[in-house]
Amino acid sequence: MSEALQWRCRPLAALSPEALYEILALRAQVFVMEQRCLYLDADGWDSGCWHLEGRDAAGRLLAYARLLPPGLKGEAQPRPMIGRVVVAPAARGASLGRPLMRQAIAECEARWPGQGIDIGAQAHLERFYASLGFETRCAPYDEDGIAHIDMHRAAAQGDRA
């Protein structure tokens, strides 16, 4: 797993059934089973999102994030969001979280320049996201039994609209 991942970011309609199945299986494995969160993962937003996949040379899905365009969830979500950030359990310890987030940030900045990026982060990862330029915007709140915080990353300096 030390080799670089191959990144691919595409809308739902461009995913093969097999790729979509792998994504949904990974999300369920980590968020539902491992973190024991009972929630509807197929929340109706996937069809409007971009799906960032990090695959190894063998084609295995090791990292994933969902990119939500500005306004997908209505007026309450005026900026792009990064969500469903996940590294496969088999790839933990290979330091894939930072490259995944850097790629997700780059994809958002390329698609929606000058807007900044929001995330709803698990509170225990606050320092990690802060190291990537995100700032905390609220006190912790409960989401599916896990403390979360809203964070924002300002638009890149040369990227302001």
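In this predicted model, Arg10 is buried, with a relative accessible area of 11%. Its side chain meets that of Glu53 in a salt bridge, at 2.8 Å from N to O. Since Glu53 lies in strand S2 (residues 50-55) and Arg10 in strand S1 (residues 6-11), the pair ties together parts that are 43 residues apart in sequence. Glu53 also counts as buried, at 1% relative accessibility.

A salt bridge of 3.0 Å (N to O) joins the side chains of Arg55 and Glu22. Arg55 is buried at 14% relative accessibility, whereas Glu22 is partly exposed at 32%. In total, the count comes to 11 salt bridges, and a network of them links Arg27, Asp43, Asp46, Arg66 and Arg84.

Helix H2 takes in residues 97-111 and reaches 21 Å from its first C-alpha to its last. Its buried residues are Leu100, Met101, Ala104, Ile105, Glu107 and Cys108. Seen down the axis of H2, these fall within an arc of 165°, so they line one face of the helix. Arg102 and Ala110, on the other side of H2, are exposed. Glu109 of this helix meets Arg153 in a further salt bridge (2.8 Å, N to O), which links H2 with strand S8.

Turning to open space, the largest pocket has a volume of about 1,100 Å³. Of its 48 lining residues, Arg84, Val85, Gly120, Ala121 and Gln122 are the closest to the centre. Strand S4 gives the most to this lining, with seven residues. By class, the lining holds 25 nonpolar, 11 polar and 12 charged residues.

Methods:
Residues numbered from 1 in each chain as written. Predicted model: local features only at pLDDT ≥ 70, side-chain atom pairs only at ≥ 80, totals over all residues. Heavy atoms only, no water. Helix = DSSP H or I, 4+ residues; strand = E, 2+ residues; numbered from the N terminus. Expected span 1.5 Å × (residues − 1). Buried < 20%, exposed > 50% of the residue type's maximum accessible area, 1.4 Å probe, protein only. Arc of directions from axis to C-beta. 1 Å grid on protein atoms, 1.4 Å probe; cavity = no way out; pocket = protein on both sides within 12 Å on 5 of 7 lines; lining within 4 Å. Points joined across faces, edges and corners; volume = space filled by probe spheres on them. Nonpolar A, V, L, I, M, F, W, Y, C, P; charged D, E, K, R; others polar. Salt bridge = Lys/Arg side-chain N within 4 Å of Asp/Glu carboxyl O.
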